[in-house]
Amino acid sequence: AALDCGSPGTEGNPIVIDGEKKCKVCCFHNVYLLRHPGRKTRTGSRKQVVYVGYTSCVCRRLRQHNCEIAGGARKTTRLVRETGDEWEIERIVAGFPTKRQALSFEWALQHPCRTKALTATERSSFKGRRGGRALQKKLSACDLLVESPRFQVPLVVFGPRVAKMVV
């Protein structure tokens, strides 16, 4: 069952913070990683697409990306309209106390070969033709960044199974 973050169409028991309904994940600043099956190629196969973003309300943001409500990123909504397939949450990193820390983590996850949050050896593993865009590379970068001394806050990482219960 989905938790209620106060956005229309969700269900469950919300918690109220400063007079605003929120689900437990939406109490923090979050960075999320989405996966989409992608467009069909000429050979009929699909090239998986990965998207990294920041939000304070994962429930609402996923609905925006999947064109259920207005406000999704152009890249994600266009892909949903063209293919009919929805984005799925692959990972949520929650618990950032400030927006700035979450946005810093988001940038580092989007640019694992350039971030100073990883060691030179760790950064070099993300260089190459794909530039760290493949899903497995992003998940690996996420794991390394969560353990990085640069983000010294207790972060909570949700995988796809837990994320489905949250949103």
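## Basis

The model is predicted: local features need pLDDT of at least 70, side-chain atom pairs count only at pLDDT 80 or more, and totals for chains, interfaces and linings use all residues. Residues are numbered from 1 along each chain as its sequence is written, and side-chain values use heavy atoms, without hydrogens or water.

## The sheet

Strands are DSSP runs of E, at least two residues; helices are runs of H or I, at least four; both are numbered from the N terminus. Pairing requires at least two DSSP bridges between two strands.

β3 (residues 29-36) runs antiparallel to β4, joined by seven bridges. L33 stands opposite V52 of β4.

## Helices on the sheet

Angles run from 0 to 180 degrees between N-to-C directions, with axes fitted to C-alpha atoms, for helices over the stretch in contact.

## The α3–α5 contact

The axes of α3 (residues 99-110) and α5 (residues 135-147) come within 9 Å and cross at roughly 140 degrees. F105, A108, L109 and Q110 of α3 meet K138, A141, C142, L145 and V146 of α5, contact meaning heavy atoms within 4.5 Å.
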